[in-house]
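User: I would like to learn how to read the features of a fold. Please take me through one model, from the overall layout down to single residues.

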Amino acid sequence: MSVLTAYARRLAVSAMLLALTACTTTDIASVEEPATAPMTGQTNDPAPGFENVKAGSEEDFILSVGRRIYFTQDSAKLDTVSMTTLDNQAAWLNRNPAWLIKLQGFADDSGSESKMKNLSQQRADAVMAYLVSKGVDANRMWAKGYGADREVRDCTQRSCKVQNRRVVANLRTERDAI
């Protein structure tokens with residue numbers, strides 16, 4: 001390699017390094033992403049973008065507590081995971097008594113339409129009974145089973161169908177019209 005080629009290569013590398021130091025990712029990030037609130041290092045810090053969620057709001061319920069409970073096939077029995085979520089829902093609802101709650105039960109397509117409708121109602125009723133047992137006033141809630149009418153996923157795999165076997169808790173400020 002000639003001295004001139006080696007010199008040209010060093011000059012090119014130096015120019016690239018100089019160009020790279022002029023660009024920083026923080027300059028790019030400040031343009032592309034909003035500033036985030038400083039984190040305290042606590043595990044309950046809000047996720048970026050959710051710093052302004054008001055306590056006691058519907059968003060707070062969804063993000064902090066969760067609103068879905070899942071069931072095994074052909075069952076309305078609550079498992080320990082569901083009960084933990086429901087314990088959190090009950091505590092949140094008891095702290096925020098202005099909210100009403102509609103419990104919507106659903107099923108997969110593993111049986112007849114009438115069987116799935118009855119099962120989805122049993123699931124919604126089981127969730128309501130559990131919340132009442134945890135101190136939530138029954139007059140603040142109502143339960144409705146929809147069967148397999150409102151599938152989250154249309155699928156045949158067993159692992160996929162579990163997403164349709166659920167109760168969804170929806171907050172309301174007034175009861176639905178009958």
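User: How many helices and strands are there in the chain?

Analyst: There are 6 helices and 4 strands in the chain. Helices (H or I, at least four residues) and strands (E, at least two) are DSSP runs, numbered from the N terminus. The order from the N terminus is α-α-α-β-α-β-α-β-α-β. Some ground rules come with this. The model is predicted, so to speak of its limits: local features need pLDDT of at least 70, side-chain atom pairs count only at pLDDT 80 or more, and totals for chains, interfaces and linings use all residues. Residues are numbered from 1 along each chain as its sequence is written, and side-chain values use heavy atoms, with hydrogens and water left out.

User: What share of the residues in the chain is buried?

Analyst: Buried means under 20% relative accessible area, exposed over 50%, and partly exposed in between (1.4 Å probe, protein chains only). In this chain of 178 residues, 31% are buried. As for contacts, the term means heavy atoms within 4.5 Å. Among contacts with a separation of 6 or more, 73% join residues 24 or more positions apart.

User: Which strands pair in the parallel sense, and which in the antiparallel sense?

Analyst: S2 and S3 are parallel, over 5 bridges. Gly105 has Gly145 in S3 as its bridge partner. S2 and S4 are antiparallel, over 6 bridges. There, Gln104 is partnered by Val168 of S4. S1 also runs antiparallel to S4 (residues 166–172), with 3 bridges joining them. Tyr70 stands opposite Arg166 in S4.

User: Is S2 enclosed or open to solvent?

Analyst: S2 is largely enclosed by the rest of the structure, because 6 of its 6 residues are buried. Check both faces. Leu100, Lys102 and Gln104 are buried on one side. Ile101, Leu103 and Gly105 are buried on the other.

User: What is the angle between H4 and H5, and how is it read?

Analyst: Axes are lines fitted to C-alpha atoms, for helices over the stretch in contact, and angles run from 0 to 180 degrees between N-to-C directions. Angles under 35 degrees count as roughly parallel, over 145 as roughly antiparallel, 65 to 115 as roughly perpendicular and the rest as oblique. H4 (residues 80–95) and H5 (residues 113–133) pack at about 55 degrees, with axes 9 Å apart. The pair is therefore oblique.

User: Which residues make the contact?

Analyst: H4 contributes Met83, Leu86, Asp87, Gln89, Ala90 and Leu93. H5 contributes Val127, Tyr130 and Leu131. By class, the contact holds 7 nonpolar residues, 1 polar and 1 charged. Ala, Val, Leu, Ile, Met, Phe, Trp, Tyr, Cys and Pro count as nonpolar, Asp, Glu, Lys and Arg as charged, and the others, Gly among them, as polar.

User: Let us turn to backbone angles. What is the phi of Asp74?

Analyst: Most residues other than glycine have a negative phi. Asp74 is not a glycine, yet its phi is positive, about 60 degrees. Asp74 sits in the loop between S1 and H4. Its relative accessibility is 41%, so Asp74 counts as partly exposed.

User: Next, loops. Where is Ser57, and which residues does Ser57 contact?

Analyst: Ser57 lies in the loop between H2 (25–32) and H3 (58–64). At 12% relative accessibility, Ser57 is buried. Leaving aside neighbours within four places in sequence, Ser57 is in contact with Trp92 and Trp99. Ser57 and Asn96 are 39 residues apart along the chain, with their C-alpha atoms separated by 8.8 Å.

User: Is Asn96 buried or exposed?

Analyst: Asn96 counts as buried, at 16% relative accessibility. Asn96 belongs to the loop between H4 and S2. Beyond neighbours within four places in sequence, Asn96 is in contact with Gly56 and Arg140.

How values were computed
Two strands pair if DSSP finds at least two bridges between them.
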